[in-house]
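Biologist: Please show me the model. I would like to go through the terms you use for it and hear what each one rests on.

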Amino acid sequence: IYDGPFSDHLVTAEPRGVTGEQLDVEQAKQKVVEFFGQDKVQSVENINQNDTDPIKTYGCKVTFKDVPEEQSATIGVTQKGGHPMWMIYQRPVAEKTIEVDEAKKLGKDFLDSRGYKSMVDTYYIMEDNTATINYAYKQDDVIVYPDLIKLKIALDNGEIIGFEAKGYLSAHTERNIPAPSISEEEARAVI
């Protein structure tokens, strides 16, 4: 279940979830605006380019309208297709007003609206008025854990302040999932 930065399957495999055309910096910046929402973004600045990892990215700094400049976000988007791979939005999170079940729904709605369909929450942890929630892809009745996206949600207003999709971008594809050869009852009996 290890999915950390040195996990072999994330380092050596061809990234199956990275689709689309090769983008230049300006096209990638437009994908960043679409991810956050045109109405929220004041500016997007390219700050780096990672050409060494299996998933090549552009790094950008995002400043927002009507928000102090130091409360900016950084985001990495894939050079191919402009898929967001990670994002961190630096802002203080005020008092908690949202419970975890509502946060889970807000996270799922966010993913749905960004084209990540059939995602289900599989794990969460709450700290410092935030919830970090893992969502995995569900195909038919099977949860496909390698296709993982992690969201960090501010529990003051439900805003997404962290995003990590390396697992999803590395592994996501439609799979040929065979029918189970034993029933759930038979499996329980073995245990």
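Modeller: This is a predicted model. Helix H3 has 14 residues and reaches 20 Å from its first C-alpha to its last.

Biologist: What makes that span of H3 close to the expected one?

Modeller: The expected span is 1.5 Å times one less than the number of residues. For H3 the expected value is 20 Å, and the helix reaches 20 Å.

Biologist: Which residues of H3 are called buried?

Modeller: Val100, Ala103, Lys104, Gly107, Phe110 and Leu111 are buried in H3; the term requires under 20% relative accessible area.

Biologist: How do you know that the buried residues line one face of the helix?

Modeller: Seen down the axis of H3, the buried residues fall within an arc of 125 degrees, so they line one face. On the other side of H3, Asp101, Lys105 and Ser113 are exposed.

Biologist: What covers the buried residues of H3?

Modeller: The cover includes helix H2 (25–36) and the strands E5, E6, E7 and E8. H3 lies across E5, E6, E7 and E8 and runs at about 50 degrees to E6. H2 lies across E1, E2, E3, E4 and E8, at about 50 degrees to E2.

Biologist: In what order do the strands form the sheet?

Modeller: Eight strands form an open sheet in the order E1-E2-E3-E4-E8-E7-E6-E5, with antiparallel pairing.

Biologist: Why are E1 and E5 called edge strands?

Modeller: E1 (41–50) and E5 each pair on one side only. Two strands count as a pair if there are at least two bridges between them, so the number of bridges decides. E5 and E6 pair in the antiparallel sense over eight bridges. In E6, threonine 130 is the bridge partner of glutamate 127.

Biologist: What follows H3 in the chain, and where is serine 118 found?

Modeller: Just after H3, glycine 115 takes a positive phi of about 90 degrees. Serine 118 is in the loop between H3 (100–113) and strand E5 (119–127).

Biologist: Why is serine 118 called partly exposed?

Modeller: Buried needs under 20% and exposed over 50%, with partly exposed in between. Serine 118 has a relative accessible area of 36%, so it is partly exposed.

Biologist: Which residues does serine 118 contact, leaving aside its neighbours within four places in sequence?

Modeller: Serine 118 is in contact with Asp112, Ala136, Tyr137 and Lys138; contact calls for heavy atoms within 4.5 Å.

Conventions. Residues numbered from 1 in each chain as written. Predicted model: local features only at pLDDT ≥ 70, side-chain atom pairs only at ≥ 80, totals over all residues. Heavy atoms only, no water. Helix = DSSP H or I, 4+ residues; strand = E, 2+ residues; numbered from the N terminus. Buried < 20%, exposed > 50% of the residue type's maximum accessible area, 1.4 Å probe, protein only. Arc of directions from axis to C-beta. Axes fitted to C-alpha atoms, helices over the stretch in contact; angles between N-to-C directions.
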